[in-house]
Amino acid sequence: MNPDLTAALAAHLLALADDELILGHRDSEWCGHAPILEEDIAFANIALDEIGHGVVWYSLLADLVGEDRETYPNRLVYHRDPADFRCAQIVELSKGDWAFSMLRQYLFDSYEKLHLDWLVNSEYHPVAEAAAKLRPEEIYHLRHTRAWVRRLGLGTEESNQRMQAAIDELWPHALQLFGPLPGDALLVDTCFFPDPAELLEAWQAVVVPYLEDAHLRVPPDEPSGAASRTQHTAHLDLLLRGLQEIARLYPDAGW
Amino acid sequence: MYGATVEPLEDSRADEAKLAAFEARIARGEKIEPGDWMPDEYRRQLIRMISQHAHSEIVGMLPEGAFIARAPSLRRKLILLAKVQDEAGHGQYLYHAAETLGATREAMIEALLSGKAKYSSIFNYPTLSWADMGAIGWLVDGAAILNQSMLAKCSYGPYSRAMIRICAEENFHKRQGQDIVITLATGTPEQKAMMQNSLNRWWPPTLMMFGPHDSDSPNSGVLTRWGIKTKTNDELRQMFINQMVPDLLALGLTIPDPDLRYDEASGNWLVGKIDWDEFWRVVKGDGPCNAERMEARRAAHADGRWVREAMAAYADKYAQDGR
Amino acid sequence: MTDTQWPRFIVFQQEHESAAHQYAGSVHAPDAEMALLNARDVFVRRPACVSLWVVPSAVVFTKTAEEIAANALTGETLLAETSETQTYIVFQKAAHKGAFSYSGKVSAVTPSQALAIAFETFAQRSALAWRVFPEQAVTRSTPEDIEALFQPAAGKAFRDQAFYHTVAAMQQIRKQLQENTADES
C-alpha cells in the first residue's frame, strides 16, 4: 500500500475509533443513573458495544501501522493529549438529560448502521470483516434508540420539548460526522470508504422523516463552526482528564 | 447478610394444621411457588430479605460505577462496566422475586429512597482507589457468593431460581476482582502499596458482612426451619476467612489484623475482635457514604420521572393491548 | 400522572432450537416492543438464546397443584367472561427444582378451562404448577432477530469466569513461594 493511502486510512480509522470510544464513555455515565432499572441495563449494553467497537478500530489501526494490538490502543486512549484526538464534537458533549442522550445515540446509530452497511463491501478486507461483525450490534442499537426517539417525541408535551431542545443542539454537530477527513478522496477512489456526501444524503433520507413523524422539527442544515476534527470542545479536556488520570499517574504500570 | 434480623414468630392458631403441612413440605425439600399457602410471617420475612438484597445490588452499583470512567485500561473498563451492569440485572431478578410475593416495584423503590429500607452496609464505604475494584470483586463479592450459594437452595421457588441465575454470573465478578488484586500485588511498588492500603480498608467491613456473631443473632431459628437460612453467620464467616487468607498471604499482602493466627487443631484461621460498634453505626446510616449514595439514587429517580411518564403516555395513546 | 415503574411483562426464553421455551422472569416496560428489547438485555447478556416471548403479566393465569387440591379447577373462572374460544399456551413445572417449560396449546374460553383441557390431553396431573395465557397476548422475537438480538451475547467473553486465569496465576505464585522457601533453607 502506498504511503499516502496508508496515511489516509490510518487517519480515518483513528477518527472512527475515537468517535466510538468517546461516545461509549459518555453512554457509560448513565449506568446507575438511568430513568428506570431496565435502562441501566440496556444502555450499559450499548456503551459496552460502542467501547468494543472503538477497540476493534484501534486494533485495525495497530495492525496497519505495525504496532501491538494489546498495547497500542491503550497508549492511544490513555496517553494522547486532547488535541490529538480525532473524534467529532458530537460525542464529546456531556450527556445532558435522557432526551439528549437518546437523540444523540439515535443520530449516531443511524449513521453507523448506514456506514457499516456500506463497509461490509469495502475493498480493504480488514475493514469489511470488522464491519460484518459490528453490524448486528448496530442493528440492535438502532432498534432500541429509534423506539425511544419516537416515544419521547410523541409522549408528552414535556418529552417533546426536551427532544426538540436536544435536536436543536445536536443537529449541527451531527453533520460534522459526514465531514470529509484529509485523504478521504483517496479512500473513496480505492473503494475503501464511502463518499461522505452520499452517506449524508442517505442518512438524512432516513432520519428526517423519522424525526418529523415523531413531531420533531429538524433545523436547517448549518454545519457547526468547527468542521475539522482537530478542534475540540472543553468537554473533551474534562472527559480525558478523568479517563486518563490513573493511567497517567502510573505510566509504567500494567493493569 | 440481607436483613438477617428476625422478629419472633407469633402464634397462628387458626392455621396450625396448614403451618404443619407447610413445614413438612419444606422438610421434604419441596419448593413453595406463588399461589401456595404460606404463613404471613414467611411472606413478610421473604419480601424484606429479597427486597433488601435487591436494594443492596442497586446501591452497590454506585461505589464501582464511579470508577468506570477512570478504569486504567480498555479491558478493565469493559469488564467493570459489564460487572456493574450485571449488578443492575441482579437487582432486577430480585425485585421480580419479591413481586411474585405481592410487593410492587414502586413501593420497594419508595422504601429505599425514603431511607426506610435497609441494604447491605458494605456499600456505605467509599471507593478511594482503583485497587478497591479488586477488593470489592474478590472479597466483597466472594463473601456474597458464599451467602448466595446457600440462598440458591432456599425453599421459595422464585427466590431460589433468581439466586441460581445470580450465582452463575457472580463468579465472573469474583474472578475479575481477584485478577485485579493479583495484577496489583505483583506489579510496581506503587501498585502493591495501593493494593495493601485497599485491603486494610476493606477486610474488616467484609468480615462484618456476614452479620453479628451467632450468639448475638436474635432468633434465626425460624429462618432455618423455613429453609431460608441453612448456615449460620459465623459458619459462613469462617469459610470466607479460610478461603481468603492463604491466597492473600501468598500474594505478599498482609491481613490488617495483628491477632490473626492459624489454629492447627481446627484447621481454621482465627481473627481478632471485630469492631461491632462501627458495624451498627454504619447500619444505622452513619457510614461515610450513606447520604451521598441515597442522594444520587433519589436524583436519578426524580430526573427520570418525566421519562417514565412520557413512555406511559405514548403507550396509552398508540399501543394497544400492551403492544 | 402518578409515577410509574410501567407494567410487568413475563418473559419466556428458548435457549436452543431443540429446547422448549422456559419461564425466565419479568421486565417492566411501557409496551410490548420495549418489553422485548428490555428482555434481551436483562436475560440474554450471555448465550444461549434463539427466541424470546413477552406477555403482559396481567393476563398470565397461575395455578399450583396445592391450590387445585384445595379448590378444584372446574369451579373457577378468571377475569371478565368472554364466550369466544381462543388459543391458550400452557407452561408447567414438573419437578421441584425444575423450571417452568412450554407444555402445549389448547382452545378454550377461559384460562382455567384451558388448564382443565390440558390435563386431559398433554399436561401432567402430577406436575407442580402451571402458567396459562392467551397466545394472542404474546409478542415474540423472530428468527431474523437472532443475529442482532442474541448472537452478540457470544462476543463478550470477559463476562464468563473462564476468561480469567486466576487459578493458574495463584498456582504459579504458590509454586514460586515454595521454591523460594526451599532455596532459603
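Colleague: What are the ground rules here?
Modeller: The model is predicted, so local features need pLDDT of at least 70, side-chain atom pairs count only at pLDDT 80 or more, and totals for chains, interfaces and linings use all residues. Residues are numbered from 1 along each chain as its sequence is written, while chains are lettered from A and ligands numbered from 1 in the order in which they are written.

Colleague: OK. How many residues of chain A are in contact with chain B?
Modeller: Chain A brings 42 residues, and they touch 37 residues of chain B. In contact means that the C-beta atoms, placed from the backbone, lie within 7 Å.

Colleague: Which element gives the most on the chain A side?
Modeller: Helix H2(A), with 11 residues. Other elements giving two or more include H1 (3–28), H6 (125–154) and H7 (157–176) of chain A. Helices (H or I, at least four residues) and strands (E, at least two) are DSSP runs, numbered from the N terminus.

Colleague: And by class, what is that side made of?
Modeller: It has 23 nonpolar, 12 polar and 7 charged residues. Nonpolar covers Ala, Val, Leu, Ile, Met, Phe, Trp, Tyr, Cys and Pro; charged covers Asp, Glu, Lys and Arg; the others, Gly among them, are polar.

Colleague: Switch to chain C. How many residues does each side give to the contact between chain C and chain A?
Modeller: Chain C gives 16 residues and chain A gives 13. On the chain C side, the largest share comes from H1(C), with 6 residues. That side divides into 8 nonpolar, 4 polar and 4 charged.

Colleague: What is the reach of H1(C)?
Modeller: H1(C) reaches 16 Å from its first C-alpha to its last, close to the 16 Å expected at 1.5 Å a residue. The expected span is 1.5 Å times one less than the number of residues.

Colleague: Now helix packing. At what angle do H5(B) and H9(B) pack?
Modeller: About 135°, with their axes 10 Å apart. Axes are lines fitted to C-alpha atoms, for helices over the stretch in contact, and angles run from 0 to 180 degrees between N-to-C directions.

Colleague: What do you call that angle?
Modeller: H5(B) and H9(B) are oblique to each other. Under 35 degrees counts as roughly parallel, over 145 as roughly antiparallel, 65 to 115 as roughly perpendicular, and the rest as oblique.

Colleague: Which residues meet there?
Modeller: Leu139(B) and Leu146(B) are among those in H5(B), and Phe240(B) and Met244(B) are among those in H9(B). The contact has 7 nonpolar, 2 polar and no charged residues.

Colleague: Is the crossing left-handed or right-handed?
Modeller: Right-handed for H5(B) and H9(B). H5(A) passes H6(A) in a left-handed crossing. Left-handed means the near helix is turned anticlockwise from the far one by less than a right angle, and right-handed means clockwise.

Colleague: Where is there a cis peptide bond?
Modeller: Between Pro47(C) and Ala48(C), with omega about 5°. Ala48(C) sits in the loop between H1 and strand S3 (51–56) of chain C. Most peptide bonds are trans, and most residues other than glycine have a negative phi.

Colleague: Which residue in chain C has a positive phi without being a glycine?
Modeller: Trp6(C), at about 70°. Trp6(C) lies in the segment before strand S1 (8–14) of chain C. Trp6(C) has 21 other C-beta atoms within 10 Å, so it is buried.

Colleague: And Cys191(A), buried or exposed?
Modeller: Cys191(A) counts as exposed because it has 12 C-beta neighbours inside 10 Å. Cys191(A) has a positive phi too, of about 60°.

Conventions
Contact = placed C-beta atoms within 7 Å. Buried ≥ 20, exposed ≤ 12 C-beta atoms within 10 Å, placed from the backbone.
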